[in-house]
Amino acid sequence: MLKIFTILADIITYQWFGLEKGHHLTEAVHFFIEDTTKIFFLLVTIIFVVAIIRSFFPPERTRSFLAGKNLFVAHVLAAALGVVTPFCSCSACPLFIGFVEAGIPLGVTFSFLISSPMVNEVALVLLFGLFGWKIAAIYLFTGLIVAIFAGIIIGKLNMERYVADYVWEIRMGQAEIPTMTWKERIQYAKGYVREILKKIWLYVLGGIAVGALVHGYVPEDFLLKYAGPSNPLAVPVAVILGVPLYSNAAGVIPIVEALMSKGLPLGTTLAFMMAVTALSFPEMVILSQVLKKQLIMTFVGIVTVTIIFVGYIFNFII
Amino acid sequence: MKIEILGPGCPRCQALEANAKEAVKELGLEAEVEKVTEMGKIMAYGVMSTPGIVVDGKVKGSGKLFSVEEIKEMLKG
């Protein structure tokens with residue numbers, strides 16, 4: 001079905017612009033047209049559907065769903081619900097307190113907090129549109145496994161004393177969970193699509209433009225020399241580079257796709273993208289309101305090591 | 001009438017406050033719009049996703065940047 005965007009780019013590049021096949025410029029232009037039309041189409045349709053699904057899972061419901069479940073089941077559920085529950089980093093604190101107050105174990109709360117930003121619909125749409133469904137699925141499942149695993153480890157460390165003291169004193173009130181009509185869900189979804197697109201459209205365009213230049217001008221296998229599987233430092237370096245790029249996941253993924261076509265191995269690519277989405281400096285600052293710094297460091301450390309590990313595994317298998 | 005905007009001070013909370021003030025003005029109501037940033041108070045309303053909006057002590061919505069029109073509906077109802 002996505003072939004239609006290749007055909008569209010063929011027509012515009014070769015017929016309207018009259019560019020000749022095989023040139024660097026032609027390839028860059030073709031790539032840019034194909035990817036922008038495809039990605040924006042996918043973003044609008046998929047985010048709309050995701051938002052409709054999300055309207056059924058407000059965080060208050062997720063919370064009551066997770067409370068009192070068997071520990072392992074709770075980790076798995078928390079990671080999975082992280083994908084569909086609406087989350088923005090400025091809500092991280094009330095969400096954290098709400099979970100802890102409901103008696104949800106700390107580790108389970110972290111499984112949710114890790115999966116929610118990492119496995120988000122924008123990243124998945126871009127991965128699906130640019131890399132195909134296989135890589136999108138690999139990202140989804142490894143992302144969930146990272147969230148479950150890191151959450152379990154944090155839970156085992158018994159770090160409750162490193163949660164800010166006032167958190168334990170807060171008592172949460174009972175709010176009615178608003179029931180929405182279908183009309184309201186559709187309204188909500190429309191607003192959600194608009195809000196997300198407004199935030200990311202420029203990054204997406206910029207990312208695809210840089211990606212297009214890389215596709216057109218950088219020689220094949222260029223990166224294989226420097227960042228191929230034979231360089232053991234490539235994965236940790238990719239992860240460290242990914243951290244400051246947060247909130248630009250939308251702009252980073254098209255560039256990464258282009259880099260992968262120039263020889264960046266899959267494991268390094270995955271590790272880099274996970275670092276971009278999961279580890280963000282602004283979110284740590286926000287979480288420092290509810291977590292003492294020992295716990296934040298542990299959280300960052302465990303997630304970093306897990307992601308690096310994922311990178312090595314995939315580079316080793318493939 | 002008292003309108004409270006729940007949120008730690010993120011951009012969406014500020015935008016919601018502005019929308020609430022606009023809604024009050026358009027309806028010509030006597031109402032004060034107040035920001036609640038203290039986490040304990042936000043949680044006491046049972047709200048887990050910010051921003052939230054409370055009218056006369058009752059939570060009217062959360063987790064979304066409500067438009068001026070939507071807030072007008074809340075204030076009428």
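Guide: One definition to begin: contact means heavy atoms within 4.5 Å. Note too that this is a predicted model.

Visitor: Leaving aside neighbours within four places in sequence, which residues is B:Ser49 in contact with?
Guide: B:Ser49 is found in the loop between α2 and β3 (52–55) of chain B. Neighbours within four places in sequence are left aside. The contacts are then A:Pro59, A:Glu60, A:Ser91, B:Ser62 and B:Gly63.

Visitor: Does B:Ser49 count as buried or exposed, and what is the value behind that?
Guide: Buried means under 20% relative accessible area. B:Ser49 counts as buried, because its relative accessibility is 8%.

Visitor: How many residues does the contact take from chain B and from chain A?
Guide: Both chains contribute to the contact. Chain A gives 24 residues, and chain B gives 18 residues.

Visitor: What area is buried between chain B and chain A?
Guide: The size of an interface is often given as the accessible area lost when the parts come together. Here carbon and sulfur atoms give 64% of that area. The total buried between chain B and chain A is about 1,600 Å².

Visitor: Which three residues supply more than any other three of the area that chain B buries against chain A?
Guide: Their share of the area that chain B buries against chain A is 43%. The three are B:Met39, B:Met43 and B:Met48.

Visitor: Which side chains meet in a salt bridge between chain B and chain A?
Guide: The count between the two chains is 1 salt bridge.

Visitor: Which element gives the largest share of the side of chain B that touches chain A?
Guide: Two elements of chain B give two or more residues to this side: α2 (39–44) and β4 (58–62). The largest share is 4 residues. This share comes from α2(B).

Visitor: What angle lies between the planes of A:Phe99 and A:Phe112?
Guide: A:Phe99 and A:Phe112 are both buried. Their rings form a tilted pair, 5.0 Å centre to centre. The angle between the planes is 55°.

Visitor: Which residues do ring pairs link into a cluster?
Guide: The cluster is in chain A. Its members are A:Phe96, A:Phe110 and A:Phe299.

Visitor: What is omega for the peptide bond from B:Thr50 to B:Pro51?
Guide: B:Pro51 is found in the loop between α2 and β3 of chain B. The bond from B:Thr50 is cis. Its omega is near -5°.

Visitor: Where is B:Asp56, and what is its phi?
Guide: The place of B:Asp56 is in the loop between β3 and β4 of chain B. B:Asp56 is not a glycine, yet its phi is positive. The value is about 45°.

Conventions:
Residues are numbered from 1 along each chain as its sequence is written. Chains are lettered from A and ligands numbered from 1 in the order in which they are written. This is a predicted model: local features need pLDDT of at least 70, side-chain atom pairs count only at pLDDT 80 or more; totals for chains, interfaces and linings use all residues. Side-chain values use heavy atoms; hydrogens and water are left out. Buried area is the accessible area (1.4 Å probe) that two parts lose on being put together, summed over both. A salt bridge is a side-chain nitrogen of Lys or Arg within 4 Å of a carboxyl oxygen of Asp or Glu. Buried means under 20% relative accessible area, exposed over 50%, partly exposed in between (1.4 Å probe, protein chains only). Rings of Phe, Tyr and Trp (its six-membered ring) pair if their centres lie within 6.5 Å; planes under 30 degrees apart count as stacked, over 60 as edge-to-face and the rest as tilted.
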